[in-house]
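My entries are below, in the order in which I looked things up.

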Amino acid sequence: MKFVDCYHKFLEKYKIVIIVFWAIALGFSVWLGPQLLSETNLVFEAPEDSPAAVANGILNQEFPERNNETSIIILIKSLEEETDILESEDVRIFILAFVDSLETYEHYENIQTVQDFFTLNSSGMEIIASGLVSQNRKTTLVIITIQEQTKEETAVFVFFLEQQIEEYGDALEEEFFVGITGSRPLLMDVEEGTKSDLARMDSIVIPIAFFVLALVLRSIRLMIIPIIAMGISFLFSFMIMLPIAMSSVNVGTFAPSVMMSLVIAMSIDYSLFLLSRYREEILKGKNNSQAVRLMSEHAGHTILVSGLTLSICFAGMIFFPMDLLATIGMGSAIAVLCTLLINLTLTPAILLTFGKFFSKFKFSLRFKKKKKGEEDINVEETREQRELKKQLNSIWYKIAKLSTKYAVPIILVVLIIAIPVSIQVFDLKRTVDTNQVFPRGGEYVITYNTLSEEFNPGTILPYYIVISTGETNGVVNQSFFDTCQIMMDELHVNLSLPYNSFFSIFKAPDGFSIPYTLVIEYSNNVSALYDTPEGILYRIAFERYVNQENSTVLIEIQTPFDPYGLESEEFVKDMRIFLENFSDKETSQFGFYLGGGIAFIVDTIDKVYDLFPIMIIITIAVVYLLIAVMFKSAFIPLRLLITIALTLSWIYGFAVLVFEKGIFNWLFPILADVQAMYWIVPIMAFSILVGLGLDYDIFLLSRISEYRKMGYTEKASIHKGVYRTGSIITAAGVIMTIAFSGLLLSTEMILNQFGFMLCFAVLVDTFVVRTILVPSIMSLAERWNWWPSRLPEPEKDDFVIE
């Protein structure tokens, strides 16, 4: 007995059990699934043994308090052109009252330091105080350093700060802008943006996608099934992902958005493939059980191979040494597998249980009974004639005929059009511009942008040069001080870093080198300089930048450029080259390391892109083997990989034109600030683009193969395969484009880029590759399509109705 017969008998026997199981699963999923949104984060960790990992390891060991602190910044900016913010009594009263109110915070003990201009200035620390005021004296900062907290605790603290600002900020009226920012609030903006994206998909994308599906199925009753299947797929996949997010694995903030888009696209896609085949068989006169069996045998087999192949492509991302990327791959694979499982079990179980309800369609034609004994023959003859007429008049049949008749010219035209776009892929650049991750218009993002304009943007995410002497008290000697001061002078010259970017025990913000003899005076409690503001300030800096054993020192660098921006990757690499050269030139007894900032992201990128070619090779090998086994052919998977490669080059090339060369900047002004794609997008898109390329190809090939096994000629099989699948693939492509277009509506550029590549890929695949290119190539290959398989001798042409 064939497997499909065994499976069908299983479904018929346990259909009620299957429905009850998924009903129970839905109940748990409604409860647990949405909790995934609160368990995601945007945590990056450096690959093991990378330069950033080594530097961060020393930082954590020698300065453990640094690993457990973060800063929240309150920014106050005058909106009046002529206002000096330091001369505003309202601002002074607000800041002092605000700072005093922090003592009412429930976990006040977690607040380590609070810095504001007025308190520091009145304490004689004018140098530090001046760093909290912009050069034009229109903006000032209050910097609150707190112990590292959970996401929930940070959110509570930020909410507390907002309440205090609202309570004490009335006096500022509309003359001043007051905002909050910091690395943690920025992550809160990202998470809020993700929730907004999902809500947008729910309210806009899903209704439109279902409307298109209803037009294709032409059955309100059948529409009930994909609605149920999608709802369960969405919630169930989130529930499966929840324990992973609650473990030590950091599930990326974008994972739910990608999972949601995939569930919408694949759930409707699979429902369309299954239910359109079910409807076709019912209209051919099959009973409900036969229609479900044939649906499972053909459409079910197609989506099974498609779903497994997609999941394997996504699973390849799991092996990247970065939780953010790995969990997107993991979540995508789980979403597709859950969608596949539900469509292969629940959909046929519902059809078998409620067949009388779902199998009723309105027929457009009625047949007259001529003679009692001739009824079946006359009806069958009429059906064949009607089906043949419908086939010959179909636009998809005509396109298939043209594609096979003019195969060579069509292939040449497609290549001529594709090549100018495809070669752009050689100009593909990546960027670590993390601003593409932040949602446009986010409350804390707006404040951060203002901070970047008025101060050193590096205030929010400083770099640290970690210098280890390897011996106790190795820091406190003249030679070491001289070496570090020389290094800072060379950094100032070679990397164009202004002196006020440095915070250390070696130099003042104006570039003045602090003599070692003065350091001794500041540290000697019997010295006349000990209790001076300068002495107090220096000891504070010494305690902050030198470890307890006096063996390791930090030099903090607050970059004059955006630490999340385009220049950061080049800065990290230039800095490492400089430190390596300086270490070789000056001495080998000290260790120089670069930590903080986005150094760990740079190392992650290098590692990920080193592994990317391996991932491509493994994906190609797996895809080839799966398709070769499915169709028992050596040529079909080779042809499929060629068309996928063409699609990929087209998509990546066009993405370069849009996001690097700005061909649409005139139409979409938000693209003007984008100079390259965010580094994770090309990696993340590859697996999904390969999977999407396989999806429709497998569906078309399955139908062509089915006709070829029935004895149709090569060209007749292609014509009929395109005719039967053309409208379905087109509808599926439109629906999938609608599903992925939800990412285009996101306020995060990274998701806009991802959504653009997916939408464009689906459209190209639907209307060019599967509709025109595949039939043309297969018509030229003829019997080699199925080599080395042996198929029946071709005896039927286009005019024989199955």
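**Conventions.** I am working on a predicted model, where local features need pLDDT of at least 70, side-chain atom pairs count only at pLDDT 80 or more, and totals for chains, interfaces and linings use all residues. Residues are numbered from 1 along each chain as its sequence is written, and side-chain values use heavy atoms, with hydrogens and water left out.

**Sheet 2-3-1-4.** I looked up the strand order. Four strands form an open antiparallel sheet in the order 2-3-1-4. Strands are DSSP runs (E, at least two residues), and helices are runs of H or I with at least four, both numbered from the N terminus. Two strands pair if DSSP finds at least two bridges between them. Strand 2 (111–116) and strand 4 (176–181) are the edge strands, and each pairs on one side only. The twist averages 15 degrees from one strand to the next.

I then checked one pairing. Strand 2 and strand 3 (residues 139–147) run antiparallel and are joined by five bridges. Asp116 stands opposite Val142 in strand 3.

Next came the helices on this sheet. Helix 7 (residues 151–168) touches strand 1 (69–78), strand 2, strand 3 and strand 4. Contact means heavy atoms within 4.5 Å. The direction of helix 7 makes about 170 degrees with that of strand 4. Axes are lines fitted to C-alpha atoms, for helices over the stretch in contact, and angles run from 0 to 180 degrees between N-to-C directions. Helix 8 (residues 183–217) lies across strand 1 and strand 4, at about 85 degrees to strand 1.

**Sheet 7-8-6-9.** This open sheet has four strands in the order 7-8-6-9, with antiparallel pairing. Strand 7 (502–503) and strand 9 (591–596) each have a single partner strand, so one side of each is left without a neighbour in the sheet.

Strand 7 pairs with strand 8 (residues 552–557) in the antiparallel sense over two bridges. Phe503 has Glu556 in strand 8 as its bridge partner. Helix 20 (residues 533–545) packs on the sheet and touches strand 7 and strand 8, and its direction makes about 105 degrees with that of strand 8. Helix 18 (residues 478–494) lies across strand 6 (463–468), strand 7, strand 8 and strand 9, running at about 150 degrees to strand 6.

Tyr463 has Gly596 in strand 9 as its bridge partner. Five of the six residues of strand 9 are buried, so strand 9 is largely enclosed by the rest of the structure. Buried means under 20% relative accessible area, with a 1.4 Å probe and protein chains only.

**Ser296.** I found Ser296 in helix 11 (residues 288–315). Its relative accessibility is 14%, and it counts as buried. Leaving out residues up to four places away in sequence, Ser296 touches Val4, Leu11, His301 and Pro348.

**Cavities.** How many cavities of 30 Å³ or more does a search of the whole structure find? The search finds three. A cavity is a set of points on a 1 Å grid over the protein atoms alone where a 1.4 Å probe fits but cannot get out, and lining residues have an atom within 4 Å of a point. Grid points are joined across faces, edges and corners, and a volume is the space filled by probe spheres set on the points. The largest cavity holds about 50 Å³. Helix 25 (714–744) and helix 26 (749–781) are the elements that give two or more residues to its lining. Among the lining residues are Leu700, Val722 and Arg770. Helix 25 gives the most, with four residues.

Key: 1 Å grid on protein atoms, 1.4 Å probe; cavity = no way out; pocket = protein on both sides within 12 Å on 5 of 7 lines; lining within 4 Å. Buried < 20%, exposed > 50% of the residue type's maximum accessible area, 1.4 Å probe, protein only.
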